[in-house]
Amino acid sequence: MIDDFISTEFLILPSKIIDNTITEISPDIAVCDNCLKDLKSQKHRMKYPFINCTNCGPRFSIVNKIPYDRKNTSMHEFEMCEICEAEYHNVIDRRFHAQPVACNYCGPKYSYSNVHDFTNIIKNVASKIDRGEVVAVKGLGGYNIICDAKHNSSVLRLREIKARDGKPFAVMFRDIETIERYCYLNIQEKELAESWRRPIVLLNQKRKLCYSVNNGLKSIGALLPYLPFHYLLFDRLSTSVIVYTSANNSGEPILFDDTIAENSLGKKLETFVCHNRKIENPVDDSIVKLVANKQQIIRRARGFVPNPIYTLQSVDGIFGAGAELKNSFCIGKNNNAFLSQYIGDLKNFETFEFYKRTINQFFDLFKFNPKVIACDLHPEYLSTKFAESLRVNSVNGSQIPLIKVQHHHAHIVSCMAEYKLSEKVVGVSFDGTGYGTDGNIWGGEFLICDTKTFKRHTHFDYVKMPGGDLAVNESWRMVLSYLNHYSVDKIETLDCIKNIRGNDIEIVQNMILRDINSPLTSSAGRLFDVLACLLNLCSKQTFDAEGPMRLESIIDKAETGYYPYVIENGIVSFSDTINVILKDLNTIIPSIISAKFHNTVVHIINDVVSQIKKDTGINKVVLSGGVFQNRFLLEKSIQILAKNNFEVYTNHLTPPNDGGIALGQLIVASNYL
Ligand code: ZN
Ligand code: ZN
Ligand code: FE
């Protein structure tokens, strides 16, 4: 079930300043029903877009210091009027000690050009959206861009403004009934969408919005209004669905600084709506989905951060720098691990700046001083380099211990931490990329591990990645590599290669044969890429995991067959798999091939894990890594393992992708405290 383990009750206790005590700052909370009523009945808060109370409103996004008191938030600039002040001090009032309490007379205000009258602004914005314009609005944790989700040319224009690849956009629906018209959702998914955390929920599409919202994928990232502003906007809008996305360029961090936002968005957009409450902690919308009747977090940000994850052992004073892509870092206070909000890809300059800024912010906010630093084993990760730069203690010049944690071990331990496991488990760690202890790129790994050490038991066959990182997006390169590796000479017959220039093919084949810039990888992610490419679904990925997502979206769920494979001497070989699939390409429809391929991976997991159990008696299996965002794969794996009496664990408080790595790092390092 959905975890609601953090109550907000502590907010009404008088705050005490005690250094080193665990401070609990609540995540931001969606506007509550009572406030929505007040929005229409309270004279001083009539249609007031910043209405809030003790049960709802901004928290993490506005706090800059502990304790969480108004003077330590960006609300300190707004002096309460008499009415608000009276409510704030009245023990029986719903706004007793509600730090961001405000009203039309005294609180923050929206502005658009020179217009400050909110009714005018919202009317204007709504009519522009309905006319097909794209507008930028300052929201809770950053700036957002909005347009009508039924208007294809508007969505295309939005894509252009964001310099966005083909990645699907999140869509905000007027209400749950509208979501139900466009998406399939069960009771639990409904609960996720309506929860006070109000995340984006990935749902199966029932009816199409316009094509460019999700570029033909069969899922929709749906979210409900969470700010009073959103409700007031929908009151005015004709359309009941809007694209709701962060206003940054693709790959950059969320925009939150008014001047920077105005400079970058003001030029691109006619309509730029701002407000005068400062965003202290920028935070994106979170993304979740329901997998095997449990919440899986894809992006952990608004509504979740900074809820700690309670840990079995003390993690006090440990800083986990995280991975590089989809970065999130983590700090430890006593038995609490505070995972930062989603940061993004550190290779982007602005994102790396945002990373450093947020680390400073967390160190300040939680009065944190690192005693031990943990980072990824990858020597070239910017997070690793940053961790190394932190090593010298600024107070006395001594060196802080630095612990390097293998990427896939960290994935497994992130999940173990959630369930407070410390005994030996079988870790199935499938993802795109992670630096291995042999210097190769790992990603299809079966580990025997506890929270301190691991042994690599079995892994996917090594194949070359011609062009290194280039082969991640250009899946056709991996197709050539797989065919070469398994000595298959069928390239000319493949549809997916037909659009690739002959010259490029020759160059890449040469790279493979002569071993030029072709690191070895055992990545499960790359194997899924290859399948998507072979089925002609995606030979060049325009966003992360596009191929695997398209491959999953066509599965014929009724198909139970699978392909042959060989597991020998700790290596899973796909030679037979690829050969049979190549034969199938001409005779069998893609949805069946995709299903059989997924089933193959499930059978491999079951086989290896069963063998390990036979050898060692270990019965606990942990499944983690970005590949397990694949719902079909994860649910089927859980099913088959549960049927065979394994105890199966999967991430559900932290992302199975690299957003959870920092937690794993923290736990591994805690063994060295
Ligand atoms: Zn409220
Ligand atoms: Zn007031
Ligand atoms: Fe990973």
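I began with helix 21 (661-670): ten of its ten residues are buried, so helix 21 is largely enclosed by the rest of the structure. Buried here means under 20% relative accessible area, exposed over 50%, and partly exposed in between (1.4 Å probe, protein chains only). Helices are DSSP runs of H or I with at least four residues, strands are runs of E with at least two, and both are numbered from the N terminus. The buried residues of helix 21 include Ile661, Gly664, Gln665 and Ser670.

Ground rules, for my own reference. This is a predicted model, where local features need pLDDT of at least 70 and side-chain atom pairs count only at pLDDT 80 or more, while totals for chains, interfaces and linings use all residues. Residues are numbered from 1 along each chain as its sequence is written, chains are lettered from A and ligands numbered from 1 in the order in which they are written, and side-chain values use heavy atoms, with hydrogens and water left out.

**Iron site**

Next I looked up what holds the iron ion (ligand 3): its protein donors are His407 (NE2), His411 (NE2), Asp431 (OD) and Asp658 (OD), 2.1 to 2.2 Å away. Donors are N, O and S atoms within 2.8 Å of the metal (3.2 Å for Na, K and Ca); water is not among the atoms, so sites may look incomplete. I get angles of 89 to 171° among the four donor atoms, and the site is irregular. For the geometry labels, four donors are tetrahedral if all angles lie between 85 and 135 degrees; four are square planar and six octahedral if opposite donors are over 155 degrees apart and all others between 65 and 115; anything else is irregular.

The donor spacing along the sequence reads H-x3-H-x19-D-x226-D. Asp431 sits in strand 18 (residues 425-435) and Asp658 in the loop between strand 26 (647-650) and helix 21, so I noted a link between distant parts of the chain, 227 residues apart. Both Asp431 and Asp658 are buried.

**Zinc site**

For the zinc ion (ligand 1) I found Cys32 (SG), Cys35 (SG), Cys53 (SG) and Cys56 (SG) as protein donors, lying 2.3 Å from the ion. The angles of 103 to 119° make this arrangement tetrahedral. The spacing is C-x2-C-x17-C-x2-C. Cys32 lies in the segment before helix 1 (33-41) and Cys53 in the loop between helix 1 and helix 2 (82-89), so the pair ties together parts 21 residues apart in sequence. Cys32 is buried at 14% relative accessible area, and Cys53 is buried at 0%.

**Helices 18 and 19**

I checked how helix 18 (residues 575-584) meets helix 19 (residues 590-616): their axes come within 11 Å and cross at roughly 170°. Axes are lines fitted to C-alpha atoms, for helices over the stretch in contact, with angles from 0 to 180 degrees between N-to-C directions. The two helices are therefore roughly antiparallel (over 145 degrees; under 35 is roughly parallel, 65 to 115 roughly perpendicular, the rest oblique).

I found two cis peptide bonds: Ile66 to Pro67, with omega near -5°, and Val305 to Pro306, with omega near 10°. Pro67 is in the loop between helix 1 and helix 2.

Asn293 is not a glycine, yet has a positive phi of about 60°. Asn293 is exposed, at 51% relative accessible area.
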